[in-house]
Amino acid sequence: QVQLVESGGGSVQTGGSLRLSCAASGSIFSINNMGWYRQGPGKQRELVALITSGGSTNYADSVKGRFTISRDNAKNTVYLQMSSLKPEDTAVYYCNADVRGDYSRNYYRYWGLGTQVTVSS
């Protein structure tokens, strides 16, 4: 089985920064895309940023220029560096990963349990 564990959430003031981490563990043969989603109060879950196994990235318009996604393939870990945070960034942040297990030919999407980010004005 595969597990994703996020860390790094917390409370900051407007303009502050946070760095989220998400480590995948378990029977992992390879990981394709990794990403971060968020769900704010009363909102649907939305894509924040995505990174492919080759390092190509994609961002939601609302975070471009402020957030940076990166990954360490050797550690099966994805990061989200968040800067110039705004109150509207307040949400539970979830990571996901498309993982091929040691005994599988297919990729499956796994999710972490989420980490809370709160930005106060």
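This is a predicted model: local features need pLDDT of at least 70, side-chain atom pairs count only at pLDDT 80 or more; totals for chains, interfaces and linings use all residues.

1. From the N terminus on, the elements of the protein chain follow the order β-β-β-β-β-β-β-β-β-β-β, and the secondary structure comes to 11 strands and zero helices. The radius of gyration of the protein chain is 14 Å, close to the 14 Å that the globule rule gives for 121 residues, so the chain is as compact as a globular protein of that length.

2. On overall dimensions, the C-alpha atoms of the protein chain fill a box of roughly 50 × 25 × 25 Å along the principal axes. Of the 121 residues, 43% count as buried, while the protein chain exposes about 6500 Å², of which carbon and sulfur atoms supply 45%. When contacts between residues at least 6 apart in sequence are considered, 56% of them join residues at least 24 apart.

3. The count of disulfides comes to one, and this link is formed by Cys22 and Cys95, with their sulfur atoms 1.9 Å apart. Because Cys22 lies in strand β3 (residues 18-26) and Cys95 in strand β9, the pair ties together parts that are 73 residues apart in sequence. The link of Cys22 and Cys95 is right-handed, with 45° about the S-S bond, and both Cys22 and Cys95 are buried.

4. Asn96 has its place in strand β9 (residues 91-101). Is Asn96 buried or exposed? Asn96 counts as buried because its relative accessibility is 2%, which falls under the 20% cut-off. Leaving aside neighbours within four places in sequence, Asn96 is in contact with Leu4, with Asn33, Met34, Gly35 and Tyr37, and with Arg109, Tyr110 and Trp111.

5. Arg66 deserves a separate comment. Arg66 is placed in the loop between β6 (57-59) and β7 (67-72), and it counts as buried because its relative accessibility is 12%, again under the cut-off of 20%. Which residue has a side chain joined to that of Arg66 by a polar contact? The partner is Asp89, and the polar contact between the two side chains is 2.8 Å.

6. Apart from residues up to four places away in sequence, Arg66 touches Gln81, Met82, Ser83, Ser84, Leu85 and Lys86, as well as Asp89. As for Gln39, which is 27 residues from Arg66 along the chain, the C-alpha atoms of Arg66 and Gln39 are separated by 18 Å.

Technical notes. Residues are numbered from 1 along each chain as its sequence is written. Side-chain values use heavy atoms; hydrogens and water are left out. Helices (H or I, at least four residues) and strands (E, at least two) are DSSP runs, numbered from the N terminus. Buried means under 20% relative accessible area, exposed over 50%, partly exposed in between (1.4 Å probe, protein chains only). Contact means heavy atoms within 4.5 Å. A polar contact is a pair of N or O atoms within 3.5 Å; within protein, one must be able to donate a hydrogen and the other to accept it, and residues adjacent in sequence count only if both atoms are side-chain atoms. A disulfide is a pair of cysteine sulfur atoms within 2.5 Å. The radius of gyration is taken over C-alpha atoms; the globule rule is 2.2 Å times the number of residues to the power 0.38. Accessible areas come from the Shrake-Rupley method with a 1.4 Å probe; for residues, only the protein chains shown count as cover.
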